[in-house]
Amino acid sequence: METILKSSTTRRSLLQTTWATASLCLIGLLAMPATAQTWPTKPVKVVVPAPAGSSLDVIVRGMSDTLSKRWGQPLVVENKPGAGGTIGMDIVAKAPADGYTLGIGFNGPIAFGPFMFKKMPYDPAKDLIPIVLTTSQPNVLAVPAAHPANNLREFIAWSKSQGDKVSYASVGLGSSSHLSMELLKASAGFEATHVPFNGSPPAALSVAQNETQALLAVEPALLSLVQGGRLKLIAVTSQQRLASRPDLQTVAEAGFPGFDALAWNGIFAPAGTPADVVNRLNADINAAMAEPAFRQNMIKQGLIIGGGSAASFKTFIDSETRKWGTIINKVGIKID
């Protein structure tokens, strides 16, 4: 009888423990935000504020297959170029905050715009949530192949000796190419007149023909003229040397510690997007960027793959906004 009673008690305790565990699981499921259990239930749109075939477009499309599989829903790319990227990011800022409209933003419409544009249709800091840094890319300093300077120190000394006769090209007013040179001028203390062009090809050609004497731009845009012996590269704006050009000295190494000027981009969502959806997006995009095929494709294009948390991306953006805001205000760049 005692054995039977003990057995019954044991079974009763086991049943009570099982029910308690099941109840806790049920409570946990009920407590989980509804969006975490259901998102996504329809296609997710990513607005690219640049033309098809651009680096931003390639980045998003490079992740699309992996993300579609993880979500069980198509990823739809919508190209909305124009107005320095603000047209596309305005669409994202004004979209419903439900995780179904995202955008890939970059320096211009996120960190530069608030200081350059007299009026912006959105406030990047208030109307957009950073999800994850996707890629970054340093600029390289190019000069004519016959230029007497072979490194940054020599170029700065030469520029100072020329007074107001030096001019530099950029890929556009208010671009990373433009602002990085202004930061270099401020750091090194030399003067040069800005000559903006519409894109890398005409800007690089102007330097190759010695119509302008320098250009900061991303390396892939200059390769054909470098390989053709018409341009030479003398510095890179990242804190680390380029893997593709380990002999190319950084600006920091040339005597300007802490100098860092990158063109960067990342995924954003409308402000108010639920935190659990932001976390899901961050995790899934990080996973997509870890895929070997994606990484190889980005490295071929000279891009540095990002990643990390949404919080770290926000901290990075805040730092970049402060740094470039100071430069933009000092130079007095204003765009209608």
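Q: Which residues does Ser 159 touch, not counting those up to four places away in sequence?
A: Let's start inside this predicted model, where local features need pLDDT of at least 70, side-chain atom pairs count only at pLDDT 80 or more, and totals for chains, interfaces and linings use all residues. Residues are numbered from 1 along each chain as its sequence is written, and side-chain values use heavy atoms, with hydrogens and water left out. A contact means heavy atoms within 4.5 Å. By that rule, Ser 159 touches Val 166 and Phe 190.

Q: Is Ser 159 buried or exposed?
A: Ser 159 sits in helix α7; helices are DSSP runs of H or I with at least four residues, numbered from the N terminus. Buried means under 20% relative accessible area, exposed over 50%, partly exposed in between (1.4 Å probe, protein chains only). Ser 159 has a relative accessible area of 1%, so it counts as buried.

Q: Which residues is Phe 190 in contact with, leaving aside neighbours within four places in sequence?
A: Ser 159 turns up again here, as one of the partners of Phe 190.

Q: Which residues touch the most other members of the largest nonpolar core?
A: A nonpolar core is a set of buried Ala, Val, Leu, Ile, Met, Phe, Trp, Tyr and Cys residues joined through side-chain atoms within 4.5 Å. The largest one here has 46 residues. Touching the most other members are Leu 128, Leu 141, Leu 152, Phe 155, Met 181, Leu 184 and Phe 190.

Terms used
Helices (H or I, at least four residues) and strands (E, at least two) are DSSP runs, numbered from the N terminus.
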